[in-house]
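Subject: Structure handover

Hello,

Here is the structure for you to look over. My notes follow below it.

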Amino acid sequence: MTPIAIEALGLSAGYGGREVLQDVSLTLRAGEILCMIGHNGAGKSTLLRVLFGLHRPSAGNVRIFGDTLPGFTPAALGAAGVALVPEGRGVFPDLTVEEIFGLALWSAGVPKSGQRERIDEVLEVLPRIKEFRTRRAGTLSGGQQQMVSIGRALLTRPKVLLLDEPSIGLAPKLFQDLIRPIAALRESRGMSILLVEQNVREAFAVSDRVLVMRSGKFIFEGAPAELDHARLMELF
Amino acid sequence: MLFLQLLLQGLQTGALYALTAAGFALIFGATRIFHFAHGATFAIAGYVFLYFWNAGQPWPGALAAIAAAVVFGLGMERFVYRPIQRHEGSFFTVFVAAFGVAVVVQNLIGMIAGRGFASVDTPLSMANEVLPDVFLAPIFWIAIAVAIVLFVALSAFLTRTHAGVGLRALAQNPDLLRAYGLSSNRLSMLAFALGSAMAAPAAILTAMTTGLNEAVGHHVMLISMAATIVGGVGSLRGAALAGLMLGVAESVALQFVDTQWAEGVSFLVLFAFIIFRPSGIFGVAQTR
């Protein structure tokens with residue numbers, strides 16, 4: 001039986017008394033790419049924030065590889081092998097790419113002796129980063145910033161990658177170039193990916209399973225092939 | 001020669017302003033907390049040093065002053081600002097709380113150490129004639145050297161260490177820092193510890209030169225605030241340079257105005273910047 005990377009049961013969460021997630025349960029299997037789609041405001045990003053310990057749920061619990069972490073904080077989740085690529089450009093504009101990578105390695109507690117190897121691994125997956133690694137992130141294009149943001153997450157050698165709308169502001173071709181090597185890591189490293197995406201066509205091409213969210217609840221779960229255009233229109 | 005004498009004195013005062021202003025700018029830049037009690041940190045450090053000096057323990061006194069500054073800064077972060085921020089308190093709430101603490105510290109110092117000026121008597125502040133009619137005390141060189149060394153060390157820390165880069169990241173986006181798995185609270189504490197520590201050498205050197213009184217914190221705070229705005233909010237080198245500039249302006253102004261008006265010169269410079277270059281020396285102009 002395939003082990004379970006993330007198991008969330010009965011999650012509810014909100015902001016200032018407004019409930020955004022309502023009793024949501026989710027299972028992400030090891031080595032799986034699970035795509036989550038839905039309207040803006042459906043609760044997708046909130047769910048990712050809850051899963052990465054950035055937002056406290058009002059109910060429910062989450063297990064990572066079968067364990068309930070004692071302190072459900074981003075640092076504890078990072079140590080357990082979970083990394084988040086947040087929505088928007090997850091980079092600090094005034095820091096260079098090298099400084100951003102340095103922060104990621106520091107946060108992951110990677111000793112100096114192992115840092116070169118980690119960076120080489122990331123550059124193998126996203127080789128174009130070599131071209132601009134000494135530049136300030138704020139001077140990079142949207143696609144380059146997204147590459148850095150994903151590269152930063154990969155430096156921690158995550159077993160689970162949470163990706164929040166990486167295609168925002170990117171041309172479809174650019175998104176393809178970005179997501180395909182990441183998706184390939186499922187094969188090479190057995191990494192699980194939870195991908196929140198609006199670019200349905202490209203996201204479905206790399207996903208094993210799809211969840212559709214509306215008003216804080218899942219209203220569909222199945223294979224990408226089950227969601228043809230008509231069905232998508234009906235669900236949206 | 002009077003101008004040169006005032007200029008050199010201004011450089012000494014400015015070096016101390018630069019240190020204090022850089023500490024305030026570091027805290028404000030990294031955490032966006034308007035730490036009005038930074039002047040109280042300065043006063044506490046100065047009086048702790050004075051106490052040890054009078055007990056014949058100058059070096060332990062210097063260490064105790066730094067420790068007291070750091071403990072006070074960390075205490076403010078942990079027990080005053082963090083609870084206010086946790087309850088989403090406004091900028092004004094933070095300011096009033098800090099102002100209140102600064103007033104309490106000023107009164108406590110007055111009660112414990114007595115009111116009026118107090119200074120340490122040291123040969124380091126005895127002036128010698130270095131040029132005809134130009135007098136300099138060894139403390140001048142010490143003040144300049146301490147300011148340069150500490151500023152270079154702080155700059156190196158911010159650019160060459162992960163913790164320093166983390167502080168710069170904290171200034172840009174604390175939420176994103178959490179997504180990186182880093183604790184913004186810990187980095188905020190580091191900013192307060194370092195920024196407060198920067199005030200201690202300036203306080204010690206002030207005790208050895210112009211002396212301290214219980215209200216010294218307010219003056220220092222106003223200068224730090226002015227230097228932060230003149231230098232460009234968020235720019236450490238800007239705050240340090242502006243601190244130096246304000247010290248020189250105050251001193252050189254003595255050629256034209258009485259001592260009691262010299263402080264006003266700093267604020268004239270501040271107003272001039274607010275009107276003609278509101279983004280400060282190194283700040284980036286905001287466009288609508």
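One cut-off first: a residue is buried under 20% relative accessible area, exposed over 50%, and partly exposed in between. Please keep in mind that this is a predicted model.

Backbone points

Phe65(A) comes out at 32% relative accessibility, so it counts as partly exposed. Its phi is positive, about 50 degrees, although Phe65(A) is not a glycine. Phe65(A) sits in the loop between strand 4 and helix 2 (74-79) of chain A.

Glu88(B), not a glycine, has a positive phi of about 55 degrees. Glu88(B) belongs to the loop between helix 3 (58-86) and helix 4 of chain B. At 73% relative accessibility, Glu88(B) counts as exposed, because the cut-off for that is over 50%.

Chain A

Chain A has eight helices and nine strands. With 236 residues, a compact globule would have a radius of gyration near 18 Å; the value for chain A is 17 Å, which agrees. Its C-alpha atoms fill a box of roughly 45 × 40 × 40 Å along the principal axes. Of the 236 residues, 54% count as buried. Take the contacts in chain A with a separation of 6 or more: residues 24 or more positions apart account for 68% of them.

The end C-alpha atoms of residues 6-235 lie 25 Å apart. That span is 37% helix and 26% strand.

Ile64(A) lies in strand 4 (residues 59-64) of chain A. Is Ile64(A) buried or exposed? Its relative accessibility is 3%, so Ile64(A) counts as buried. Leaving aside neighbours within four places in sequence, Ile64(A) is in contact with Ala5(A), Ile6(A), Leu69(A), Phe72(A), Leu77(A), Ala80(A) and Val82(A). Leu194(A) is 130 residues away from Ile64(A) in sequence, and 13 Å away in space, C-alpha to C-alpha.

Chain B

The UniProt annotation "transmembrane region", again from an unreviewed entry, covers residues 6-28, 35-53, 59-80, 92-114, 134-158, 187-208, 220-249 and 261-285 of chain B. I looked at two of these spans. For residues 134-158, the end C-alpha atoms lie 38 Å apart, with 84% helix and 12% strand. For residues 220-249, the end C-alpha atoms lie 15 Å apart, with 87% helix and 0% strand.

Ala171(B) is in helix 6 (residues 162-172) of chain B. With a relative accessible area of 28%, Ala171(B) is partly exposed. Beyond neighbours within four places in sequence, Ala171(B) is in contact with Gly29(B), Ala30(B) and Arg32(B). Ala40(B) is 131 residues from Ala171(B) along the chain; their C-alpha atoms are separated by 23 Å.

Cavities

How many cavities of 30 Å³ or more does a search of the whole structure find? It finds two. The largest cavity has a volume of about 70 Å³. Its lining is Phe36(B), Gly39(B), Ala40(B), Ala43(B), Ala102(B), Val105(B), Gln106(B), Glu214(B), Ala215(B), Gly217(B), His218(B) and Met221(B). By class, that lining has seven nonpolar, four polar and one charged residues. Helix 2 (38-54), helix 4 (91-113) and helix 9 (216-231) of chain B each supply at least two residues of the lining.

Best wishes

Key. Residues numbered from 1 in each chain as written. Chains lettered and ligands numbered in written order. Predicted model: local features only at pLDDT ≥ 70, side-chain atom pairs only at ≥ 80, totals over all residues. Heavy atoms only, no water. UniProt positions renumbered as here; feature names shortened; annotations may be inferred. Helix = DSSP H or I, 4+ residues; strand = E, 2+ residues; numbered from the N terminus. 1 Å grid on protein atoms, 1.4 Å probe; cavity = no way out; pocket = protein on both sides within 12 Å on 5 of 7 lines; lining within 4 Å. Points joined across faces, edges and corners; volume = space filled by probe spheres on them. Nonpolar A, V, L, I, M, F, W, Y, C, P; charged D, E, K, R; others polar. Rg over C-alpha atoms; globule rule 2.2 N^0.38 Å. Buried < 20%, exposed > 50% of the residue type's maximum accessible area, 1.4 Å probe, protein only. Contact = heavy atoms within 4.5 Å.
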